[in-house]
Amino acid sequence: MASIISTTNASSAVPLAGAKVVQIVGHPQIDNFLTSLTQVSGWTIAFTILALLVAYDQFSYLRQKGSIVGPAFKIPFIGPFLESVNPKFEEYQGKWASGELSCVSVFHKFVVIASTRDMSRKVFNSPMYVKPCVVDVAHKLLGPTNWVFLDGKAHVDFRKGLNGLFTRKALESYLPGQEEVYNTYFERFLRISKEANGPVPFMSEFREVMCAVSCRTFVGHYISDEAIKKIADDYYNITAALELVNFPIIIPYTKTWYGKKASEMVLEEFAKCAAKSKVRMAAGGEISCIMDGWVKSILDSANYRERQEKGLSLEGIEKPQPMLRSFTDYEISQTIFTFLFASQDATSSACTWLFQIMAQRPDVLDKVREENLRVRGGDKNKAITMEMIDEMVYTRGAVKELLRYRPPVLMVPYLVKKPFPITPTYTVPKGAMVIPTTYPSLRDPEVYENPDVYDPDRYVTGDAEVKGAKNFLVFGTGPHYCLGQIYAQNNLALMVGKAAMELDWVHHPTPVSEEIKVFATIFPKDDCPLVFTKRP
Ligand code: HEM
Ligand SMILES: *[C@@H]1O[C@H](CO)[C@@H](O)[C@H](O)[C@H]1NC(C)=O
């Protein structure tokens with residue numbers, strides 16, 4: 001028996017198929033059956049079993065596919081895994097164009113892609129049937145107990161406890177930290193261009209500045225500059241691990257393994273910050289970052305509960321809304337990490353395209369610069385306030401149009417909790433992934449005239465805001481819509497406005513500058529070669 005098993009494994013090029021064979025051979029009834037076939041060679045048995053498994057895999061795929069569009073045949077077991085390791089934007093586009101619902105099957109996962117606005121909205125708005133699964137590997141990186149995997153009421157309740165961190169007042173308190181980071185990094189951009197004395201691909205620099213801004217906003221000065229730099233560097237490995245469907249287990253020295261190592265390091269850093277924030281907030285310190293805001297709500301709730309239990313007077317003490325339980329340093333870290341996880345790739349993508357397109361469109365950049373100087377009363381060093389950001393109508397339009405034109409998040413994977421009748425004729429099976437897409441609805445010519453043209457005026461003097469209200473799926477919709485969407489847009493507006501006043505930059509196009517590379521989110525294939533100089 002043992003020899004059959006080892007032969008089968010050794011002869012199988014596909015590890016997963018090997019594992020399945022071992023499982024079935026270990027089954028007592030099949031063992032008996034096999035023993036009775038003593039005259040048949042081990043090889044024949046092995047190939048027969050393999051053939052049956054291939055047939056089953058195929059049959060199961062076709063049954064799940066039902067009436068929707070998808071390949072007629074699945075590559076045995078792995079499906080288009082090798083393609084999904086290196087996803088091509090054009091392949092996605094082909095898939096979206098193939099039908100409002102289409103499918104593929106990768107390993108054990110059956111995946112349904114919803115491409116139109118209405119199909120996508122239907123998925124986003126069906127929490128009875130679906131829950132987010134970010135990507136397959138996210139459970140392993142964020143920890144299975146992470147709040148983003150909560151569902152239903154538990155999710156709604158947890159999210160309520162975070163809303164206070166993204167109010168207008170809260171967002172205003174993070175602005176000085178953001179400005180400080182941009183000042184530092186703009187100097188760095190100048191230095192890099194000067195030293196290179198020619199164009200340098202800036203994508204990785206943009207990723208770093210975005211990571212630094214996020215860390216300052218999320219954990220303030222509890223983290224050192226060195227730790228931020230390390231997180232920014234290692235974060236690349238987390239992004240690299242984020243394929244739609246990964247190999248089912250983490251194998252040492254693969255991308256998912258490096259991704260997990262990097263996320264453990266970030267979680268550890270943020271847990272240290274949480275411990276410091278608790279001490280400082282307990283001593284009555286001012287809120288300086290998102291973590292402080294959350295820690296303060298937690299402490300206020302604990303204080304309120306304690307007074308209540310001891311029967312002390314609650315006069316003059318406001319009841320925290322909602323009341324929060326106590327969280328360990330690690331739990332706080334896990335939650336803050338989800339913010340970094342949710343923002344890092346998307347904001348880096350938007351930042352990169354924004355710098356590229358502003359270099360190509362001096363007409364837009366001039367207006368952004370003019371507006372930014374105007375709201376600061378002509379003094380470019382004046383500290384930013386929320387009112388100023390409100391007044392930057394054109395700059396915010398330029399950011400919003402960028403997000404329409406180059407939506408960082410193309411697709412948002414959800415998991416089907418119970419058979420999901422998405423149309424009258426097709427039900428997505430339980431356990432499948434169903435993926436609403438953003439891109440096609442953002443390029444809908446019925447809603448956006450000349451959709452392939454970048455035109456901020458759509459959002460300034462035009463009607464895109466109203467007419468495209470249902471199409472603007474850049475931040476999702478429904479119970480999981482992006483918690484950071486106002487923050488993200490303000491932050492990008494602040495960045496591009498400051499850059500417009502302080503810097504000049506030139507894009508050095510290559511033949512692939514307008515081609516899209518999918519790296520969790522989207523980037524120009526040449527990583528955006530630029531030269532920065534100081535504005536006189
Ligand atoms: C341009 C930048 C960003 C884009 C394009 C973006 C996009 C998205 C999208 C598409 C979703 C899924 C929504 C859904 O399933 O309906 C999402 C969720 C989320 N985003 Fe963002 N995001 C951005 C920035 C940020 C930032 C800066 C933060 C945090 C500070 C953030 C925090 C979150 C969180 C926590 C969720 C999950 C919410 C939940 O499950 O309840 N995002 N984002
Ligand atoms: C990141 O991944 C690469 C391989 O892809 C590896 O060589 C490097 O050591 C990893 N970095 C960290 C900090 O684990």
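## A first look at the sheet and loops

Strand 9 and strand 12 (residues 529–534) pair in the antiparallel sense over five bridges. Here helices (H or I, at least four residues) and strands (E, at least two) are DSSP runs, numbered from the N terminus, and two strands pair if DSSP finds at least two bridges between them. This is a predicted model, in which local features need pLDDT of at least 70 and side-chain atom pairs count only at pLDDT 80 or more, while totals for chains, interfaces and linings use all residues. Residues are numbered from 1 along each chain as its sequence is written, with chains lettered from A and ligands numbered from 1 in the order in which they are written.

- Three strands make up an open, antiparallel sheet in the order 4-12-9.
- Strand 4 and strand 9 (503–507) are at the edges with a single partner strand each, so one side of each has no neighbour in the sheet.
- Across from W505 you will find F532 in strand 12.

**Two asparagines with positive phi**

- N197, in the loop between helix 10 (168–196) and strand 4 (200–201), is not a glycine, yet its phi is positive, near 55°.
- N450 is exposed, with 9 other C-beta atoms within 10 Å.

**A cis peptide bond**

- The bond from Q321 to P322 is cis, with omega near -10°.
- P322 belongs to the loop between helix 14 (290–310) and helix 15 (329–360).

Terms used: Buried ≥ 20, exposed ≤ 12 C-beta atoms within 10 Å, placed from the backbone.
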